[in-house]
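Dear colleague,

Please find below the structure that I am handing over to you. My notes on what was found in it follow directly after.

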Amino acid sequence: MTSLTQRSSGLVQRRTEASRNAAADKERGIGEDDESRREEEEEDDNGDSKETRLTLMEEVLLLGLKDREGYTSFWNDCISSGLRGCMLIELALRGRLHLEPCGIRRKSLLARKVIFKSDAPTGDMLLDEALKHIKETQPPETVQSWIELLSGETWNPLKLHFQLRNVRERLAKNLVEKGVLTTEKQNFLLFDMTTHPLTNSTIKQRLVRKVQESVLDRWVNEPQRMDRRMLALIFLAHSSDVLENAFAPLLDEQYDLAMKRVRLLLDLDPEVEAAKSGANELLWAVVAAFTK
């Protein structure tokens, strides 16, 4: 007959092994699930469903669109290149692109090439089209070159095929499909133009509030602690000349404080920030391209 001591010892041993196995399983799962869990938490915090989750390009365009008129300012000549910068950062954050190593000679961010990493579909036609161009281009190009090529700002006729056409219209159609905008025709005396007035003000208000809170209520005064997507959105919205639209509803004191903190971000050295642990180098390379 098994003694009470032996049974107790066996029970303790089984419990110890079970606890050890559970801890090991938990530790293995942290690396795999941590990022997806973080994304889900951010999604819950923002109140976004899968249908209304917006890309960086869509967020920048939405900030630039006039709510009733449904088009961006005719005087805004910055948003085109800004949207291409959004594409590069979006692809980097999704693990499709990265920068080549800086090497022994410590190349600057703008001298390093954009390297293709994965061709897994993103679910967004514009992103997949840009990714296809980058994948098929040899030798690789720099961030600055890709912003120019995707915008069609090149003097080389052999590279004009890299241009992504009708980007704003295609992004607006994405937002129509997500129920954020609607489609109308407006007459401008000499011509008719398709416009996309705002139909779901809740989503835009949520976006504007999120930008405002990031530099007011949730300001941490340390870029490495900021959410990467929000950090990228602030930089690219400023480069696209649409960030002011998010701050327009603020009181004078809040507006001054928000712009002061944005200026602190703009005065950062991208080379220094990119060298810090956990930084996304391609994100800072795009920032360098617009702030150089």
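Which residue in strand 4 is the bridge partner of Glu184? The bridge partner of Glu184 is Thr195.

Before the details, a word on the source. This is a predicted model, in which local features need pLDDT of at least 70 and side-chain atom pairs count only at pLDDT 80 or more, while totals for chains, interfaces and linings use all residues. Residues are numbered from 1 along each chain as its sequence is written, and side-chain values use heavy atoms, with hydrogens and water left out.

Overall composition

The chain has 12 helices and four strands; helices (H or I, at least four residues) and strands (E, at least two) are DSSP runs, numbered from the N terminus. Of its 292 residues, 41% count as buried. Here buried means under 20% relative accessible area, exposed means over 50%, and partly exposed lies in between (1.4 Å probe, protein chains only). Among contacts (heavy atoms within 4.5 Å) with a separation of 6 or more, 66% are between residues 24 or more positions apart.

The hairpin of strands 3 and 4

Strand 3 (residues 184-187) pairs with strand 4 in the antiparallel sense over four bridges; two strands pair if DSSP finds at least two bridges between them. The two strands form a hairpin with four residues between them, and in the turn Leu189 has a positive phi of about 60°. The side chains of strand 4 (residues 192-195) alternate along its length.

Helix 12

Helix 12 (residues 281-291) is mostly covered, with eight of its 11 residues buried. The buried residues are Leu282, Leu283, Trp284, Ala285, Val286, Val287, Ala288 and Ala289. Their cover includes helix 3 (79-93), helix 5 (143-151), helix 8 and helix 11 (270-274), together with strand 1 (97-99) and strand 2 (114-116).

Backbone geometry

Most residues other than glycine have a negative phi, and most peptide bonds are trans. Arg106, in the loop between strand 1 and strand 2, has a positive phi of about 55° although it is not a glycine. Arg106 counts as exposed because its relative accessibility is 59%. Asn166 lies in the loop between helix 5 and helix 6 (167-177) and also has a positive phi, of about 55°, without being a glycine. With a relative accessible area of 59%, Asn166 is exposed. The peptide bond from Gln138 to Pro139 is cis, with omega near -5°, and Pro139 lies in the loop between helix 4 (125-136) and helix 5.

The cavity

How many cavities of 30 Å³ or more does the count give? The count comes to one, and about 30 Å³ of space lies in the largest cavity. Grid points are joined across faces, edges and corners, and a volume is the space filled by probe spheres set on the points. The lining is made up of Leu62, Leu65, Lys66, Asp67, Gly70, Leu181, His196, Pro197, Leu198 and Lys204. These residues divide into five nonpolar, two polar and three charged. In that division, Ala, Val, Leu, Ile, Met, Phe, Trp, Tyr, Cys and Pro count as nonpolar, Asp, Glu, Lys and Arg as charged, and the others, Gly among them, as polar.

Cysteines and two further residues

A search of the whole structure finds zero disulfides (a disulfide being a pair of cysteine sulfur atoms within 2.5 Å). Cys78 counts as partly exposed at 26% relative accessibility, whereas Cys102 counts as buried at 17%.

Asp128, in helix 4, is partly exposed, with a relative accessible area of 27%. Leaving aside neighbours within four places in sequence, Asp128 is in contact with Pro121, Thr122 and Gly123. The C-alpha atoms of Asp128 and Leu91, 37 residues apart along the chain, are separated by 9.0 Å.

Val220 is found in the loop between helix 7 (201-215) and helix 8 (228-239). Val220 is partly exposed, at a relative accessible area of 26%, and touches Arg225 and Met226, not counting residues up to four places away in sequence.

With kind regards

Notes: 1 Å grid on protein atoms, 1.4 Å probe; cavity = no way out; pocket = protein on both sides within 12 Å on 5 of 7 lines; lining within 4 Å.
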